Amino acid sequence: MPVGPIPCLKWGSSVTESVITCRNVSKVFGPNPARHLADLRANPALSQSGYVHAVRDVNLDVQRGEMLVVMGLSGSGKSTLVRCLSRLVEITGGTVTIEGQDIATLSEPALIDLRRRKMGMVFQSFGLLPNRTVLDNVAFPLEMRGQDRATRYARARDMLDLVGLSGRETYFPRELSGGQQQRVGIARSLAVEPDIWFLDEPFSALDPLIRREMQDEFLRLKAMMNKTIIFITHDFDEALRLADRIAIMKDGRIEQCDTPDQIVLHPATDYVAKFTAEIDRARVVHIGSLVQPLTAPVTGDPVAANRTIRELARQLVSDPRSHIPVAGPDGRVIGAVLRQTALDVLLGDGH
Amino acid sequence: MAATARHATTARLILALAVGLVLVKSLLPAGLIRPPEWLVMPFADWINGVFYFLQNDLGLMTLTRAFSDVVEWLLDVTANLLYGKNRWPNLGPIPWGVIAVTAFMAGYALKGWRLAALSGGTFVWIALMGQWQWAMETLSVIVVAAPFSVTLGLVLGVLAWRSASFERVLNPILNIAQSLPHFAYMIPVVVFIGVGPKAGAIVTIIFSVPPMIRMTLLGLKKVPEEVIEAGKMSGATRWQLLTRARIPTARAEILIGVNQVIMQCLAMVVLASFIGMPGLGQKLLQLLQALKIGLSVEIGVTIVLLAVTLDRLSKAWALRLPEHGHPSPLWLQRHRLLVIWLALCALAFALAHFFPCFLEVERKQALSVAKPIDALMDQVIRLIAPVTAWLRWFLITWVLIPMRDAYLWLPFTAVLSLLAAIGWAIGGLRSAAICVAYFGLIAMSGWWDRAMITVYMVTISVALAALIGLPLGIWAARNTTRAARVLLVCDTAQTFPSFIYLIPVIMLFGVNDVAVVAAVVVFAAVPIVRYTVEGLQNVPPELIEAANMSGATRRQLLWHVRLPMALPTMLVGANQSVMFSLFMVIIAAFIGTQDLGQEMQRALSSTDVGKGLVLGLAVAFMGLMTDHLILRWSEGRKRTLGI
Ligand SMILES: Nc1ncnc2c1ncn2[C@@H]1O[C@H](COP(=O)(O)OP(=O)(O)OP(=O)(O)O)[C@@H](O)[C@H]1O
Ligand SMILES: [Mg+2]
């Protein structure tokens, strides 16, 4: 292995305060989940009809300000995992801690309070209240908090402005297109200024062109605020476009949770390898993730660590140096890349 | 498949037993022919005992009195407002113009000009025909009863949704309640409350609750999971979630429930004339008994118009999809309809103030079409009298009496075996046991002969209804516009209170069994036509195209593709048809039949709760058994067809 994993997520930033921590989280659906889980511990091969083991022993740490994309095939347990994090479903085993608080122990009022202050969620089929206007839908979480009409409408109008829906306040959800409905969903989830933002396949119900537009919109919003984001998708391109880290799930387990670069460069299992086989790695891999420590002095201008191999293709092909220096965001050289390694990624050989 | 084959063999064996019992009837001991004395249980006495206990020892009487006092007070208020009964608040009567204008504007706001014309026109017709007082007597009960039922149904529906065990208890009760004939509800109410408008209102409330519970439960269960999750993530408490997310999202189903409550109320209010409820129903009953055809037709038209109006208005409300308004800075602009309504009301009040005929149209001034109708009907009847007389003679001597005698002649053990065979063929041991249990209980009730007469009336009516309804449905489904028109007619016909169907048949056949059968046939044919059309229309077009490509003729297409695919839907129609005819046979009893209905009328007039409930349950059991069999059958069909 040429390099070890890079701990920091955004190049150079090194905040490592864990907002969400999962330890051995399991979720079993069925008539008596706890019993079934205990039986499973005794006999892992057990399979009993009527039970679905949707999430299995997930360990996960999500850092503040990080965007974690959870992906996997249909039925792999993505939605269930996220619903465990927000306690929309009760966890069968393990613990989920949010900002140091074990959410399984929260009383109902405390849980409601947590959701009112800290969390927002966007749903695949929008989950809008059909008989409320757009404005009332966005103001709904504020109404639940008991805010008076004037303030909550003012805030809701701001949110609608933010997602580009001003002028549609009096419309009803069914009068809007899918993309517009999802904008309402996004505005609603942001109305309470949550620290943690869950998005469960927010764009899957949209057609490709609108999906692309919404992704751009999403990136714009994300850049404007500093939120911890858990984003579910089963579209790998979407994941690569958006993620700081990607968690790949299969049958309720997380197969690998890492930066996109590491996932395409060093898939942890065959499953992940197959998943990433079709990807043009040069578009994903940043030159920074190929960096090796300096062994000898290097010469010439360094390249920025956060450029992808594809972006640097021309230079890589024509550069005469065998070791190319790489600079971090502050301009200091952090190491060098073997030109051959980079070219291997570019040309798709090597693995 | 193997199970089905085994069921068929067992069923055939039991059928052979039934046939055997019939063949050797003369050799059978009496105890196998009629239910023997020792088998008959004094169910009625037991029920009476329970009621006596509830009424006197448990002091339930005071509770019901208290409740009925509240209802009575409300009835007085509405009675004063609607037709000027001399009670607090002594404001009424509201001039008829105001009510007509209000109905007009409600129709316009909900659906547009056509509904406005219908609902406004209905009230104008009522006023001009001089039926205002009766119609308002009827309406005042609905105005009081419907909100009670809606609230009660909503609360019970929410409870059933919250607690699965409550739902499990409630479900069979609702099943029975929805198959009990109207009269079975009246008798206990008469015992507890007495007769009159108060009792009419209360029986109406009780009768119309079940559909509201059902629809509330259905609506709450259908709310998409994501809407709930969105509510939870918005930090809604349970109460907020229920009142601001679940119930509003289930709006359409709940309002359909309201629609059903209103229609049930109307049906019951009309029938409550049997327990002294004044209004349109009582008038109609009197006129029918006096054979005043023209006047009954007038009342009948009013009831039909009222039913259609109430149905359309409430359905329009239920099915209205929210639409964004154009926010306008002008108050007048935003509340245009409200302003117009107020102006029209003021106008109507003013007119009523200056011209008494706008306050109330006196009977003397009223229009009437009774005379011409009578004259016309005389002509028509004279013209078709030979036909109806022959039909009556033919049906009575060659169909009805032989059939009735045959049913009565059958040994009860043979009937039970036959039912067991049918049950076994359709659903195996369980269904056979259910059939035998239901009819066994009827045998044990001591009303076997009466029950068999009811069964005979229902079978002949449903058979005739199918004979008319199926071809009509198939014909209607041949093209879409025709199908839509026929469905509209059926829908409208289904909103009429059952009582209405008696007017034309009494006109044609007089008061006898044939009239009853005719009324039941018409009433029972409606669902058959309706579901046949729906079933045939909903056959997937790919299937029809595939059959066409294989060169099927139209006849082959109908018999081999469309009818088999439509069968499960058509069975729903058959089920409703049986239910409707059971109800109708019982209602028609006052024309003079010798079945359970007649006994129920007697129980009503002697306020014998035990007897009334036993008879009611006997009818309910027939309905529930048919329901079970048809449901199982259609499930089986659906499974084989893979729908
Ligand atoms: N409420 C539930 N009761 C029973 N089983 C459930 C429930 N919710 C989910 N499951 C099961 O858990 C497994 C994981 O479901 P989940 O919805 O988390 O998958 P997913 O990865 O989100 O799939 P998709 O991409 O289709 O949304 C599936 O097998 C599903 O059938
Ligand atoms: Mg999902």
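**View 1. Contacts between chain A and chain B.** Contact here means heavy atoms within 4.5 Å, and by that criterion 30 residues of chain A touch 23 residues of chain B. The model is predicted, so that local features need pLDDT of at least 70 and side-chain atom pairs count only at pLDDT 80 or more, whereas totals for chains, interfaces and linings use all residues. Residues are numbered from 1 along each chain as its sequence is written, chains are lettered from A in the order in which they are written, and side-chain values use heavy atoms, with hydrogens and water left out. The two chains bury about 2,400 Å² between them, 58% of it on carbon and sulfur atoms, where buried area is the accessible area (1.4 Å probe) lost when two parts are put together, summed over both. On the side of chain A, the residues that lose the most area to chain B are A:L88, A:M144 and A:R174, together 20% of what that side buries.

View 2. Between chain A and chain B the count is 3 salt bridges, each defined as a side-chain nitrogen of Lys or Arg within 4 Å of a carboxyl oxygen of Asp or Glu. The side chains of A:E108 and B:R238 form a salt bridge, at 2.8 Å from N to O. The side of chain A that touches chain B receives two or more residues from each of α3 (108-118), β6 (119-122) and α4 (134-144) of chain A, these elements being DSSP runs numbered from the N terminus (helices H or I, at least four residues; strands E, at least two).

**View 3. The largest cavity.** The count comes to 1 cavity of 30 Å³ or more, a cavity being a set of points, on a 1 Å grid over the protein atoms alone, where a 1.4 Å probe fits but cannot get out. The volume of the largest cavity is about 70 Å³, taken as the space filled by probe spheres set on the points, which are joined across faces, edges and corners. Its lining residues, which have an atom within 4 Å of a point, include A:M119, A:F123, A:R188, B:A230 and B:M233. Two or more lining residues come from each of β6 and α6 (178-190) of chain A and α10 (225-233) of chain B, and β6(A) gives the most, with 3 residues.

Terms used. 1 Å grid on protein atoms, 1.4 Å probe; cavity = no way out; pocket = protein on both sides within 12 Å on 5 of 7 lines; lining within 4 Å.
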